[in-house]
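Trainee: Please take one part of this model and go through it closely with me. I would like to look at the ligand site.

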Amino acid sequence: MIELKNVSKTFQQKNRRIEAVKNVTLSIKPGEIFGVVGYSGAGKSTLIRMINFLEPPTTGEVLINGKNLNQLSKKELLLERRKIGMIFQGYNLLSTATVYENIAKPLQLEGVDKATIQARADKYLALVGLSDRKDNYPAQLSGGQRQRVAIARALAHEPEILLSDEATSALDPETTESILELLLKINQELGITIFLITHEIEVVQRICDRVAVMEAGQVIEEGPVIEIFTTPQETTTKRFIGANENYDVPAEVLATYKKTGRLVRLQFIGSEATEPVLSRVAKDYPLVPNILSGNISYLKEQRHGRLLVELAGGSQQDFEAAKRYITSQGIFIEEVV
Ligand SMILES: Nc1ncnc2c1ncn2[C@@H]1O[C@H](COP(=O)(O)OP(=O)(O)OP(=O)(O)O)[C@@H](O)[C@H]1O
Ligand SMILES: [Mg+2]
C-alpha cells in the first residue's frame, strides 16, 4: 500500500520557486497497477521520485505499508527502499558491465551472498526472456532488451513495488507492447504493485487498473480506468483519451449531419452489443439511427466500444425517451454539441 498524503515539492532556483508537485493525495492498493498520466512538465517524475524518497517532499507524507518514510533514519530508509524497484526511460544500465554484472553488482553491495545472486539473476533473466544474453554488454542489446535487463535488475531485489518512469517512451509500438505484457505478467505472477507514469494514454489503457491525471503539479482527476475513459470530467483528461474527437469523421460531414438529426456518442463496456439496441430504437421510436463511425478497443481485458451515431427524425421527447432506453441498456450516451 502506497499512501501519498498532501505531498508537495517546491524547487528553489536562485530567485525562482518552482512548485513541481502541489498537494497530491493518492492511495495505491497492494497488487494494483496504478498509472499517472500527464503532459511534459506536469510533475510526474517529481511525484514518482517522492514515493521512494529519492526526492523527499517539501511538505506532506509518504507511507509505504503504513510506514511513514518521513520518520525513518537514513539506514531504515535504505532498507525500506529495497522493497521498491524502479525502471526508467533511459534504462540506467552500466555500459561497462555485462547483463549479469548489471544485475549482480547492486546485490553484492547489499551483501547478498553469491549463490543467491546467481539464482536470482538466472530466475529473473529467464522471466524477462534473456537467459541467453547474460554475457552481453548493454551496447549489444536492443532498446527493448535493455529495458528487460533493467526490469530483471529491479526484480532481483525482490521488491513489493515497482516504479516505472516512462519505461516504454523510447520504444517503438511493438516493443512497447511486449514490455507492457511483461509488466502485466510481473504484476499477475509475482503480485508486485506497479506505479507508473507516462505521457502515453495507450499504456494506461493497456495495463492500468486506476489512473490519475496530472496537470501543473496537481492531480486533476482520478479513478478506475474504465470510469475515466467513459465519463471523463476535465478538459485535459478528455484530450488525453480523445473523448472529444469524432472518431475520424470529417468536420464537413458533421456539419451537414447536425442539420438533420442529433449526433450522439455511444460507449459500452464489456459485451453489450449496441447493434440490437439501435435496432430497437429504430423499431420502438420514430428515430432513424445511422452509424457514422465506431471502434472497439480494450481497457486491460475489457472491451470498450465507441460509436458516433446520428439519430434522425422524431421530436425532442422521442429523443429523450430513446436516450433513457439506451442508458437503461448499460450504454453511455451523450449528445455531441
Ligand atoms: N531538480 C529540479 N530543480 C528545479 N526544477 C525542477 C527539478 N526537477 C523538476 N523540476 C521542475 O519541476 C517541474 C516538473 O518536472 P517533472 O520532471 O516532474 O515533470 P514530468 O511530468 O516528469 O515531465 P516529462 O514528461 O517531461 O518527464 C518542471 O517545471 C521542472 O522543470
Ligand atoms: Mg518525467
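**The shell around ligand 1**

Mentor: Start with helix α1, which gives the most to the shell around ligand 1, with 3 residues. Helices (H or I, at least four residues) and strands (E, at least two) are DSSP runs, numbered from the N terminus. This is a predicted model, where local features need pLDDT of at least 70 and side-chain atom pairs pLDDT 80 or more, while totals for chains, interfaces and linings use all residues. Residues are numbered from 1 along each chain, chains are lettered from A and ligands numbered from 1 in written order, and side-chain values use heavy atoms, without hydrogens or water.

Besides α1 (44-51), strands β1 (2-13) and β2 (16-28) each supply at least two shell residues. From β1 come F11 and Q13, and from β2 come I18 and A20.

Now follow the polar contacts (N or O pairs within 3.5 Å). The side chain of S40 brings an N or O atom to 2.5 Å from a ligand 1 oxygen. Backbone atoms take part too: a polar one of A42 is 3.2 Å from an oxygen of ligand 1, and an N or O atom of S45 is 2.9 Å from one. Overall, the protein covers 63% of the 640 Å² of accessible area (Shrake-Rupley, 1.4 Å probe) that ligand 1 has on its own.

Conventions: A residue is near a molecule or strand if one of its heavy atoms lies within 4 Å of it. A polar contact is a pair of N or O atoms within 3.5 Å; within protein, one must be able to donate a hydrogen and the other to accept it, and residues adjacent in sequence count only if both atoms are side-chain atoms.
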